[in-house]
Amino acid sequence: MSIELVLRMFKHSVLTITYNHESYIRQMLDSVFNQSVLPYEVIISDDASTDKTREIIFEYQSKFPGIIKTYHKKLNVGVFANVNSILDKSSGDIVHFIAGDDWIKPGMFERFNSAVVASKLNPLVDRFVLAPNTANYYEASGLEVIVKNDKRFTSAFNGLIRERFSNRCVGYS
């Protein structure tokens, strides 16, 4: 089996929470669907948005039927309850958290696949956390600050608690 085929075999699940992200949700979804390796599933939980976030999600769901799965809260439950409500919904090999107002750079899923293969990890057996470098983008100034996440942890919680990597985007198995 070729390495290219192996790199495309991992199923990437994207978990997203939204609340009034009308101005950002298109950019986030476009960044996910413009990857060289497409996601296996995108699970979105909208926390009772009062803007057009829900309509935009439905628009993308019609473009990508069977890939985008949505959950819409009737009442706003807050960030933590919203995250907790979708944690067990994914069925992919590698899970990514991407907020509705964030986006990912091209090639991220492919780079995750390469890192898994290079580290001789098996998402079906091994439990691991891969924390990519993240960038904080400041729209007003155009400044992009890179947060390096060069430590390996067996637990996302341990990495976050020790402030060794940003909590903006983490892939784990």
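**Chatting through helices H2 and H3**

Biologist: Which way do H2 and H3 cross, left-handed or right-handed?
Modeller: H2 passes H3 in a right-handed crossing. Keep in mind that this is a predicted model.

Biologist: Nice. Zooming out, how many helices and strands are there?
Modeller: The protein has 6 helices and 8 strands. Starting at the N terminus, their order is α-β-α-β-α-β-α-β-α-β-β-β-α-β.

Biologist: What share of the residues is buried?
Modeller: Of the 173 residues, 39% are buried. As for the surface, the protein exposes about 10,000 Å², with carbon and sulfur atoms supplying 54% of that.

Biologist: And what about contacts between residues 24 or more positions apart?
Modeller: Those account for 73% of the contacts with a separation of 6 or more.

Biologist: Okay, new topic: what is the mean pLDDT?
Modeller: The mean is 82, and 79% of the residues reach 70 or more. Over residues 159-173, though, the pLDDT is below 50, and that stretch has 53 contacts in the model beyond near neighbours in sequence.

Biologist: How should I read a stretch where pLDDT is low?
Modeller: Where pLDDT is low, the predicted coordinates should not be read in detail.

Definitions and conventions
Residues numbered from 1 in each chain as written. Predicted model: local features only at pLDDT ≥ 70, side-chain atom pairs only at ≥ 80, totals over all residues. Heavy atoms only, no water. Helix = DSSP H or I, 4+ residues; strand = E, 2+ residues; numbered from the N terminus. Buried < 20%, exposed > 50% of the residue type's maximum accessible area, 1.4 Å probe, protein only. Contact = heavy atoms within 4.5 Å. Areas by Shrake-Rupley, 256 points an atom, 1.4 Å probe, with all protein chains shown as cover. pLDDT = per-residue confidence, 0-100. Left-handed = near helix turned anticlockwise from the far one by under 90°.
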